[in-house]
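Hi,

Here is the structure I promised to pass on. Have a look at it first, and then read my notes below.

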Amino acid sequence: MTILKSCIWMLILGYHPSEGFQSDSTTGSAYYTKHHADITGFAIRIAVGRFLTDNNLIVLDDETDVTSIVSHFFGDDSDGYEKFVEKQNEIVENVKNQERSKEAHIHCNSEQIELAHNHVIKIRGQIKKIAQSAEPNFSLIRQLIGKCLFTIQAFYSGSNWVEMNGDEVYTDFGVPNKTLMDIAGVTLDTCQDCDNSGKNESSCKNNLLVNDMLTSGYQTGQDVQPPYKTSGDIDQGKCGFGGRNDPENGYRTAIGGINKDSLDPKYSPHHHLHYQAFYAARNATVQFLIDTQSGIINEVNIDTFIQIFGLLKRYKASFGFVIDDTSSMGAIIAQVQKACIDIMTNVLGTVNAPSNYILVTFNDPVKHVHRLTTEHGLDMISALENVILEGGGDCPEYAMSGLQKAIELCREKSTIFFFTDAPAKDEADAQTVIDAANEKNIDLRLFLKDSLCARRKKRETGDRIKRDAEQDAYSLVAAGTGGTIYRFSTVELGDIIRQISKELFPSATVTVDIFEVEEHDDNSMVFPVDNMLNNVRITVIGANSSNDVDVASEFGSVITAENTSVLFESPAKVIVTILNPKPGTYSLMRTGNNHWTVNITAQTSVDFHYVITEEANDGQLYKVSGNPVVGGNYTLYFTVFNLPAGMKTSSVRLKTRNSTTNYLNLTLISGEFDSKYFVSTTLIADHYDVSIYGIDDSGTTWMRTSPNSISPVTIKLKLTSMPDLYMNAVGNVSYILENKGSENETFVIDVTDDRGLLTGNTRFTRLINSNGFAEITFQIQGSSLNNTVTYTLTIREHGSASIVLRESQILYISPDIAPSCTVEQLVRTCDDLDITSCSGVTWNEQATITFATELSSFSGSKGWSFETSSVHSSPIKINASRSIGR
């Protein structure tokens, strides 16, 4: 047996549980303890409030509290406010998830303070590169912000900064071109013994031995172990983390510790400084986001900051549709037409409806045709349905001409949807498009077929090959206008449009109920209408005509009432709206026995969203990544927006496909800005529609239903290895698949990506026994042309076309050259020793790490000790040693 080469670990930080403030408000042992969620959510409100006022996006009097500015900004636009809260919560969840992340990250414990400082600086550089790219990935930016904030907040709870400076912010920490104050050396004792049990609550108040340099506590289970004590004082040493989560405390550290994570003295020896650490961490979070000297606001432009935090409001303007109508679009034109019509029917009869609609097509040799400008949505739907393909022949088309015409016809602050499968023939006009779009503040949404002209086509005139031209024009237009590029296949377009509809069209639209009506079901279905609802809209898919649909209140049919209208009617869909309905219980009645899919929506400010969490090994609750597992125990957290006084939320309804319905009581928890509730349950079905309900102030039942259902599965994905991806270097991604079902199953796993960077095997077939597992590993080649890549895993049972589970991840592609590690010398190997066990032997190794730009840190598996020449300049020499069995 030879010694494991430590270079494997020097290039990647090993996983270790990272401590900081606790995760969320329902998991703390002390009720008033502050958590990462409290710090991050409140700080985002402050930072965004300052952003809105600093950039004159809102005008308020001087007495308005900064944390209330966001709600004033959105006013009665509750959907816009909800989208902001979703973005805020996404960052909060990313902060919390660092607590258990298997991905390489650094915390501030174990005197790794300088490494943590450099870690934040490195990620800030990644945020800047992504934000300034032609296609910024805002979700990844929010993920990276979460990583930075976790490390920044952990600095104040785990280091001795607060002991020296109170709740003051260390303005240099995590900021480029700043040098930190001195950090305690390896041989310097920093703490003396104190009570680690928490019984003597004041025992550790004065246990620090240093007050003019930085230090932080060492904790059980961390990869970085404290050095052995070198002084003769047996009652002192390096500081421990301390508390009940540090069971080996005092073994190589002083007894006790300095963590300030909570108010519980049994967990935090420096619990008396918890609030000071909280205020310092909160203010540091604000500084990181918005400070004019050192915040990331200096690294992203105003439009990008708006997108990161979802600061989008309703605005009456135009909808423009620009469609390539050459013959090559034949394979996708039906999906494009359906996508455009879906956008239309989503806004008909709502406050989202634009002032007018514009349709422009483009071709070759005809540069563009203005097909229609109308204020009537049904006329635009008819025009979209009648788009006829013709012409073309070579690959590029006059795309810029089509965009120019649509921009000319649209009003200011309009949205234009553009569809093509070809590069731009007139790419030289890209700057003209950019200037025109910016002058009118046009939002461009560019939908590009995932392979532009990449296939051979047979024309009547013979075989011709469209050249695979560069997409420079589209990238330039997107970058120059802040527009967005979507690369799609036909099967993905519907999902993309649904997501974009949620993002682009903020309004006070909620879902009251959604349900299926089978052929054998009763022909009368009831739904509640409360006094907060206006413009109730009933969409019935499957009705032959409006004659098949009737709507009645307690006083009889309302289908012919003056305040009721049929907005849209086709052989497959009927849309009925009721303006200003009276509250009560309504009935939807079916003539005949067609299968119906019913969606009932309305305008109101009261809505909700939810997240699914599960308990991790550390006892805390974290958001579930992907789908929950059938039979698992989960806690659902609900945030209810704009709930007025007197309007009570009581229960959640979980409805399955077989009409089994579970009613569960909700528990109210504390929240800074909105009403928050939770409920715990076991998910045993494969599908649930989620609704909450209660009583309004007039005694009428009110209900809201989430458009996002819960779909438990029998397979669980567990990410075990995620690479730091570098340009032109291959990284390995590994997953463990667990079969949680009662039967042995063969699963087929396909891996795809949006950049064509996967290499090697991308399909895996695995037979997994019940409660067993299997591992897959695939490779991604870093590219110098992109700074992000998104890969997607789809899993289905062998022999089935139905997807059981789909999960995506975004990777940042570093433009740096990947570090390399060379083992120079293995001083001893186990095979060379005439012993039966290698335990107790001290192993030594020498290595060299070479890198091109910057190496933030290196680490080893638990127990390794390192001596280095430097961590700043290449190459660095390393002496590594480890004593196994100690």
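I'll start with the aromatics: F73, F74, Y81, F84 and F641 are joined into a cluster by ring pairs. Keep in mind that this is a predicted model.

Across the structure there are 29 aromatic pairs. One of them is F241 with Y267: the ring centres are 6.2 Å apart and the planes stand at 90 degrees, so this pair is edge-to-face. Both residues sit in the loop between β2 (236–237) and α8 (274–290), 26 residues apart, and the pair links distant parts of the chain. F241 and Y267 are both buried.

F419 and F447 make a pair with another geometry. What are the distance of their centres and the angle of their planes? The centres lie 4.7 Å apart and the planes are at 15 degrees, and therefore the pair counts as stacked. Here too distant parts of the chain are linked, since F419 belongs to strand β6 (residues 415–420) and F447 to strand β7, 28 residues apart. F419 is buried, and F447 is buried as well.

There is also a charge over a ring, in case you want to look at it: the charged end of K582 sits over the ring of F555, at 5.9 Å from the ring centre.

Next, helix α13, which runs over residues 430–440 and has A430, V433, I434 and A437 as its buried residues. Why do these four end up on the same side of α13? They cover an arc of only 100 degrees around the axis. As for what they pack against, the buried residues of α13 meet α12 (399–409), β7 (443–449) and α14 (472–481). Just after α13, N441 has a positive phi of about 55 degrees.

Last one: M727, in the loop between β30 (725–726) and β31 (730–739). Is M727 buried or partly exposed? With a relative accessible area of 26%, M727 is partly exposed, because buried would need under 20%. Leaving out residues up to four places away in sequence, M727 touches G782, S783, S784, I813, S814, P815, D816 and I817. For D816, the C-alpha atom is 6.9 Å from that of M727, although the two are 89 residues apart along the chain.

That's what I have for now.

Cheers

Technical notes:
Residues are numbered from 1 along each chain as its sequence is written. This is a predicted model: local features need pLDDT of at least 70, side-chain atom pairs count only at pLDDT 80 or more; totals for chains, interfaces and linings use all residues. Side-chain values use heavy atoms; hydrogens and water are left out. Buried means under 20% relative accessible area, exposed over 50%, partly exposed in between (1.4 Å probe, protein chains only). Helices (H or I, at least four residues) and strands (E, at least two) are DSSP runs, numbered from the N terminus. The arc is that of the directions from the helix axis to the C-beta atoms. Contact means heavy atoms within 4.5 Å. Rings of Phe, Tyr and Trp (its six-membered ring) pair if their centres lie within 6.5 Å; planes under 30 degrees apart count as stacked, over 60 as edge-to-face and the rest as tilted. A charge sits over a ring if NZ of Lys or CZ of Arg is within 6 Å of the ring centre and within 35 degrees of the ring normal.
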